[in-house]
Amino acid sequence: MKCIVGILLVVLMVVPNGLKAETTEVFQASKVTGVVLDELGEPVIGVTVRVKNDKRNGTITNADGRYVISVSKNATLIFSYIGYRTQEVAVKGRNTVNVTLSEDSQMLEETVVIGYGSVKKRDLTGAVSSLKSEDLLKTNPVSINQGLQGKMAGVNVSQSDGAPGAGINIQIRGANSFTTSTEPLYVVDGMPYSMGEGRSTDFGMKQSNNPLSTISPQDILSIEVLKDASATAIYGSRAANGVVLITTKSGSEGKTKVQLSANLSISNPVKRIDVLDACDYALYRNERITNGLLYDGYSEADSSLEYPLQGYWSEIKEPDPITGEMVVVGKEYKPSPWDYRNGFDYKGKMFYGTNWQNQIFQTAISQDYNVTVSGGDKKGSYMYSGGYTDQQGVIVNSYYRRYTARANNNRKINDFLELGTNISFATADNRFARTNSETYGVIPAAISFNPTRPVFDPDKDSGFSEDFSTGLANPYLTVHTEKNIQETLNVFISSFGELKFTDWLRYRQKFGYGYSYYERNTYNNRWTGSGISPTNGYATKSDDAYESITTESLLTFDKKIGIHAVNAMFGMTYEKYMWHSKWMAASNFPNDMNEDNVIQAGIKDRRIESSRGKSQLMSYLFRANYNLLDRYLFTFSMRRDGSSKLSESHRWDNFYSGAIAWRLSDEAFLKRLNFFDNLKLRVSAGQTGGQGVSAYATRSRFVTSDYGMGGSLQSGMAEDRWGGPAATLLKWETTNQFDVGLDIAFLNSRVNLTVDAYYKKTKDLLLDKLIPMSSGFSRIQANYGNVTNKGLEISGHFIPVKVRNFLWSIDANISFNRNKVGGLDSDQYSDVAWGIENMFLVRNGEPIGTLYGYVEDGFYDNEAEVRADPYYRNETDSKVKSMVGEVKYKKTRPHTDNF
């Protein structure tokens, strides 16, 4: 027994002091309870609570944020949870330890999609704006472009026509060209999205469709806009105008979720144009006659007022069918201007004139319904959605109706193989009003049509009031009878297969297919502005189809070795686009009963056109991201593009970019300030291209040309004079861009700012160049001229108030852009619309869209002031009198007799 006791004493003597301390603490352990809350005072579920230096002793908070743990009185507890800053709290003998966790802004930063990959937002080296689903849907947009408006600095979204489903224009950091498209490249689920457009109905119509309108905003997970060359250069020849990346939703691990959304909205015109009512209009017309007598030398024959000063009944006379003498067949009332103010009897009803804007505008009701079923497990996920949208226009009889369906699936076959497919289907029915038109537009007609005329006139063959001498059609008749309907079918498929060789090396093969079909049918009956005699009804029918096939092969290396992290990607892509179309037109129909449905009934102006074409683009690309110490970031990218649109000698070109970012907030000298949550400086430079020419611009184009032989017309071909000769020397437009940016976050990320300053210059613009007519042509496409854009972008996210049950956040942005044209041989004009070809000037040193015209300088108040103007010095007295009250213009050059 003594021996055993002696051995135990020896063992105890050699036991380390640390072990004795731990043993002592275990014996002195007590229960500690508490609750873990977030900054809003809400309990945080699932927070890990453990004892420092003891990995075996830990617990998690329950649904109420509470925890219980046994620890010694001198222990230190560690509270950790994803998205929050880890905290260490000393127990100091307490039995209750409550903790409030603060958000970790760096950990909360979301992943941002970039070209052919994704990165954490904190690791971005380029200028990228991101919009998440919840922010996109705040305004319940019908189309994606509506959700983008005003949300991102430097991204300008505009519509030339407010019609439902109408075309949009998105400009990123200004316009790079004034002849080719300034639209960015759209990429949906990693594949270029090019759906073409349905054609306009006639020369005067400027309406186009919105290719993004077939994508339901409810299906969108995020939208990223790549703005600087560092972000866009990986897309090479099509990225000069920026890139819009759209990622659709997918399922997540867990139980199946069923979501249903329903939205109902009401729209009205914000403001109607103030116009003269019927009384004031009649007085105005009479004043024209009076002024003509006083100032313009009207004769007595022209002195009859259009509206009598006193209303009276006038006899209606017609020739007697037997005697031929004029006989009274009835009476009609000739109202005075004041009769329209007080009202008078017109065909049994009181009439006060017509407000034509009230006849075309309506309160529009729009509906949007969407159902989504999603879910998944550790092996994969699925998401199925279907939607219906009915957007009524504020103009009577205009609408946009859309049906959408989507299926997104991915599955891990085993540890090294994953497959996925995204399929979308959409069909739409769009009825346009004649709004964005050079001729017989319904809104100009509603503003200018005679308000003293009633809507209906049973004495007219049409049954409606007419006033075609003014070039205006009855607005009510136009919106109720003109037919302009476009039907759209869209299918888009994006599939991938990924092989994972190791944790740091993977290969992904992608395939994309897009198909869009547009059918447009129009008919303007014989009583509308576009169909009146001698046209007697005008019909068009067209169908346009576009197909795209895309393959991408990408090899990605992603590995972190100590303080170094490298992500490199090498790939090859091939894209093929095909299209075909048919169009036919006819006029002079026997009646309007069948409209365009029997187009062969039109016996005049019969025209038939058809076309077919294709283009191809092949590319090799490489990008490398290097991260040193998690605060020095470097990016380099290169893309080599070859396009079938350009000449063989200039078909291939390389596009490079590079960027450097420095996360200053991670440096020790700034950490000591304890002020910045994030401070990152970015610098980038790079080159992108543009191929905005027709598929066959570098080839001679032939058109049908009949010729006489043997006393009859023979069908033949001749070179197209209108398109110009083959431009065999065409090459890429090239945009060089430089960007300096700063990302700032402080006050626990309640103040976030992003500032970018940029400079970009596009050279070798694809323009038409005038050539001698002796060549048989008037112009040829060539590369010359340049456009410079420079600007500043500031965007911010602010949280002024953040308390329990209430959060107030503010998102704001502002941007400035100035562009300048250079390198032109002489002044040019943008052909915007018929009759105003020389209004928008393109001149060296001036911005795109410069207006060229007269500048007002007040009014001529008296005859002496008119005579003082050298232009009217020698005019007649009647001419001088007529100019009193008219606008006078500034003289920008000295007057000469030949002016």
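Biologist: Which residue in β5 stands opposite V51?

Modeller: In this predicted model, strand β2 (residues 48-51) and strand β5 (residues 76-80) run antiparallel and are joined by four bridges. Within this pairing, the residue in β5 that stands opposite V51 is L77.

Biologist: Which residue in β6 stands opposite T76?

Modeller: Strand β5 is also joined by four bridges to strand β6 (residues 87-90), and these two strands run antiparallel. Opposite T76, on the β6 side, stands A90.

Biologist: Which residue in the turn of the hairpin formed by β5 and β6 has a positive phi?

Modeller: The hairpin of β5 and β6 has six residues between its strands. In that turn, a positive phi of about 95° belongs to G83.

Biologist: Which element gives the most to the largest nonpolar core?

Modeller: The largest nonpolar core has 24 residues, and L148, I170, Y193, I223 and I246 are those with the most contacts inside it. The elements that give two or more residues to this core include α5 (144-148), β12 (169-172), β15 (220-226) and β16 (243-248). With three residues, the element that gives the most is β15.

Biologist: Which residues does I246 touch, leaving aside those up to four places away in sequence?

Modeller: I246 is one of the residues with the most contacts inside the largest nonpolar core. Leaving aside residues up to four places away in sequence, the residues that I246 touches are I144, V187, V188, D189, L212, I220, S222 and I223.

Biologist: How far apart are the C-alpha atoms of R506 and A624?

Modeller: R506 lies in strand β27 (residues 505-524) and is partly exposed, with a relative accessible area of 31%. Not counting residues up to four places away in sequence, R506 touches E498, L499, K500, F501, L554, L555 and T556, and among these L499, F501 and L555 are members of the nonpolar patch. Along the chain R506 and A624 are 118 residues apart, while their C-alpha atoms are separated by 15 Å.

Notes:
Residues are numbered from 1 along each chain as its sequence is written. This is a predicted model: local features need pLDDT of at least 70, side-chain atom pairs count only at pLDDT 80 or more; totals for chains, interfaces and linings use all residues. Side-chain values use heavy atoms; hydrogens and water are left out. Patches are made of residues with over 30% relative accessible area and no salt bridge: like charges are joined within 9 Å, nonpolar side chains (Val, Leu, Ile, Met, Phe, Trp, Tyr) within 5 Å. Accessible areas come from the Shrake-Rupley method with a 1.4 Å probe; for residues, only the protein chains shown count as cover. A salt bridge is a side-chain nitrogen of Lys or Arg within 4 Å of a carboxyl oxygen of Asp or Glu. A nonpolar core is a set of buried Ala, Val, Leu, Ile, Met, Phe, Trp, Tyr and Cys residues joined through side-chain atoms within 4.5 Å. Buried means under 20% relative accessible area, exposed over 50%, partly exposed in between (1.4 Å probe, protein chains only). Contact means heavy atoms within 4.5 Å. Two strands pair if DSSP finds at least two bridges between them.
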